[in-house]
Each structure stands twice: as C-alpha cells, then as structure tokens.
Amino acid sequence: MKHIQAWFERIAGISRDEMARLTRAREIFAASDTDLASLQLPACWRRSARVQVRVG
C-alpha cells in the first residue's frame, strides 16, 4: 500500500520534500498567535506612498 501511495505522489507531482515543507509550514503557521486579519487588505493599500506630491 505504501508503494502505491508513493507512486501516486510521484505521478501527482508531490514529492516527500514538498510534503515535509508543507508539514513544517503548518507547524509554524498553525500555532502562530499573529493577527492575520490585517493581511486581508491588499499590500498596496497597506503601504505608505513613496512619492510625495508637492503643490505650489
């Protein structure tokens, strides 16, 4: 059964390294206490303008 699963992962393009990275990312971000609600706003709207407009 494990061989069939390994073949499926190869056919589907899922490598063991990729699965390990996904597992590690879930460990990092699932236990995170950071407020991700602020990321709902697009980054271009969160940044301050770099160009200052001078009138006059």
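**A chat about this chain**

Biologist: Hi! Where does M1 sit?

Modeller: M1 is placed in the segment before α1, which covers 2-12. Helices here are DSSP runs of H or I with at least four residues, strands are runs of E with at least two, and both are numbered from the N terminus.

Biologist: Before we go on, what kind of model is this?

Modeller: This is a predicted model, where local features need pLDDT of at least 70, side-chain atom pairs count only at pLDDT 80 or more, and totals for chains, interfaces and linings use all residues. Residues are numbered from 1 along each chain as its sequence is written, and side-chain values use heavy atoms, with hydrogens and water left out.

Biologist: Thanks! Back to M1: buried or exposed?

Modeller: M1 is exposed, with a relative accessible area of 79%. Buried means under 20%, exposed over 50%, and partly exposed in between, using a 1.4 Å probe and protein chains only.

Biologist: What about its overall dimensions?

Modeller: Its C-alpha atoms fill a box of roughly 75 × 25 × 15 Å along the principal axes. The radius of gyration is 21 Å, whereas a compact globule of 56 residues would have one near 10 Å. That radius is taken over C-alpha atoms, and the globule rule is 2.2 Å times the number of residues to the power 0.38.

Biologist: What share of the residues is buried?

Modeller: Buried residues are 4% of the 56 in the protein chain.

Biologist: Switching to charges: how many salt bridges are there?

Modeller: There is one salt bridge, in which the side chains of R24 and E27 meet at 3.3 Å, N to O. The term needs a side-chain nitrogen of Lys or Arg within 4 Å of a carboxyl oxygen of Asp or Glu.

Biologist: Where do R24 and E27 lie?

Modeller: Both are in helix α2 (residues 16-30), three residues apart, about one turn of the helix. E27 is partly exposed, with a relative accessible area of 47%.

Biologist: Last one: where is A31?

Modeller: A31 lies in the loop between α2 and α3 (43-46) and is exposed, at 58%.
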